[in-house]
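Trainee: I would like to go through this model and ask what lies behind each term used for it.

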Amino acid sequence: MINPPYSQTDVAELEFVEHLLDILTVDGIGVVVVPMSCAIGTKFKDVRKRLFEKHTLDAVFSMPDDIFYPTGTNVCVMVWKAHRPHDSAQETFFGYYKNDGFVKRKKLGRIDAYKTWNDIQREWLRLYRNRDVKDGVSARFCVKDTDEWLCEAYMKTDYSLLSKDVFSQSVRDYLSFQIKCGLTDLSIKTERHIDRELHVKDWKEFTLKQLFHITVSKDPNLQNSNPGVIPYISSSAENNGLTAYVDTQPSQKANTITIARNGSVGATFYQPLPFCASPDDIRILTPKFSLNVYIGLFLKSVIELEKFRYAYGRKLGTKRIENLTIRLPVKPDNTPDYTYMEEYIKALPYSDRI
């Protein structure tokens, strides 16, 4: 097992891995802790090709973002079998082992404060040893040297996490944003709260490019803008993504959705007003259907279920956004049921104020 030096100028991390595997015996096991960039596939292409020609990638585990706290390095753990060329027709095991139960405590670092690690460890080992697939935790996939080697790219989202509370939180967050900006009338108190079942198992999958036109802002960066009255959306996870007000003419239309590709990666917001946006941090989703605030908040809640797949080391670029797959309620003809989405949000507390 090795944790090779990171960010060397003359030797890549995967070259240390290659050297380790080359000196092991046949079928020897090499376990390596490397930056996520080694697994994403956009770098070290020659070394990745050589590794697959000589050795087998057995498993990859995505580790907690703060595992090296206080150093902020996103890492994964790879398990290799030496001197057996990788067979891309055989599945590699991938684990999304981010939540290990440890929490940060002043002067102590990361500790098992709630005594949950033993149970988590047992489940992680069981999943790996049995090669079991569990939504939101593990996956199996046949990969080539040119593919991404991370669970985030292949595992299914755990839609059991989607609940009335998730949608209600989106409504409350949006209402808070409206109050800060003076965009709502708090005197409205129309009670229309109706319990609705989600029936997620009956929903169908759609890619975002089926539902939206996805574009990049051409606005100037915030540091090149002057104060004004036009909302400027950046990568903040708070206040609907609103970072400042600028004097630039708004380039983006109201009634759209924004996603942060950088910073608070995956933060998704419905935008009620014309706005400007950071070209480096934001992608704009312009609907191919009739969008309103209620449908927008429903979609925001569903899209943000996918946030776990992305981080600073695995940014949410335009292609990934286009191919991001979400599940939605559908009509009998299997098209998205936007009426259901609207009525569901309208039935939640405080929805009469937005």
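Mentor: Start with Phe-141, which at 37% relative accessibility counts as partly exposed. Keep in mind that this is a predicted model.

Trainee: Why is Phe-141 called partly exposed?

Mentor: Buried means under 20% relative accessible area and exposed means over 50%, with partly exposed in between. Phe-141 has 37%, so it falls in the middle class.

Trainee: Where does Phe-141 lie, and what does it touch?

Mentor: Phe-141 is part of strand β7. Leaving aside residues up to four places away in sequence, Phe-141 touches Gln-90, Glu-91, Thr-92, Phe-94 and Tyr-154. Thr-92 is 49 residues from Phe-141 along the chain, yet their C-alpha atoms are separated by 5.5 Å.

Trainee: How do you know that β7 is an edge strand?

Mentor: The open sheet has 5 strands in the order β1-β3-β2-β4-β7, with mixed pairing. Its edge strands are β1 and β7 (138-141), each of which pairs on one side only. Neighbouring strands of this sheet are turned by 20 degrees against each other on average, direction ignored.

Trainee: What makes β4 and β7 a pair?

Mentor: Two strands pair if there are at least two bridges between them. Strand β4 (residues 92-96) and β7 have 4 bridges, in the antiparallel sense, so they meet the criterion. Within this pair, Gly-95 stands opposite Ser-138 in β7.

Trainee: Which strands does helix α4 lie across?

Mentor: Helix α4 (residues 117-130) lies across β2 (56-62), β3, β4 and β7, and runs at about 155 degrees to β2. The loop between α4 and β7 holds Arg-131.

Trainee: Why is Arg-131 not counted as buried?

Mentor: The buried class ends under 20%, and Arg-131 has 23% relative accessibility, so it counts as partly exposed. Asn-239 has a relative accessible area of 23% and is therefore partly exposed.

Trainee: What makes the peptide bond from Tyr-69 to Pro-70 cis?

Mentor: Omega of that bond is near 10 degrees, and the bond is cis. Pro-70 has its place in the loop between β2 and β3.

Trainee: How do you know that the buried residues of α1 are on the same side?

Mentor: In helix α1 (residues 13-22), the buried residues are Glu-13, Leu-14, Val-17, Glu-18, Leu-20 and Leu-21. They cover an arc of only 160 degrees around the axis, which puts them on the same side of α1. Their cover includes β1 (29-35), α2 (37-40), α3 (45-54) and β3 (75-81).

Trainee: Why are β9 and β13 said to stand at the edges of their sheet?

Mentor: This open sheet has 4 strands in the order β9-β15-β12-β13, and the pairing is antiparallel. β9 (212-216) and β13 (268-271) each have a single partner strand, so one side of each is left without a neighbour in the sheet. The twist averages 25 degrees from one strand to the next. 5 bridges join β9 to β15 (residues 282-287), and Val-216 stands opposite Arg-283 in β15.

Trainee: Which strands of this sheet does α7 touch?

Mentor: α7 packs on the sheet and touches β9, β12 (256-260), β13 and β15, with its direction at about 170 degrees to that of β13.

Trainee: Which residues have the most contacts inside the largest nonpolar core?

Mentor: In this core of 54 residues, they are Leu-208, Phe-298, Leu-299 and Ile-326. The largest share, 8 residues, comes from helix α7 (residues 293-303). A second, separate core of 30 residues includes Val-32, Val-34, Trp-80 and Ala-82.

Trainee: What makes the chain as compact as a globular protein of its length?

Mentor: The chain has 9 helices and 16 strands. Its radius of gyration is 23 Å, close to the 20 Å that the globule rule gives for 354 residues, so the chain is as compact as a globular protein of that length. Buried residues make up 49% of the 354 residues.

Technical notes:
Residues are numbered from 1 along each chain as its sequence is written. This is a predicted model: local features need pLDDT of at least 70, side-chain atom pairs count only at pLDDT 80 or more; totals for chains, interfaces and linings use all residues. Side-chain values use heavy atoms; hydrogens and water are left out. Buried means under 20% relative accessible area, exposed over 50%, partly exposed in between (1.4 Å probe, protein chains only). Helices (H or I, at least four residues) and strands (E, at least two) are DSSP runs, numbered from the N terminus. The arc is that of the directions from the helix axis to the C-beta atoms. Contact means heavy atoms within 4.5 Å. Axes are lines fitted to C-alpha atoms, for helices over the stretch in contact, and angles run from 0 to 180 degrees between N-to-C directions. A nonpolar core is a set of buried Ala, Val, Leu, Ile, Met, Phe, Trp, Tyr and Cys residues joined through side-chain atoms within 4.5 Å. The radius of gyration is taken over C-alpha atoms; the globule rule is 2.2 Å times the number of residues to the power 0.38.
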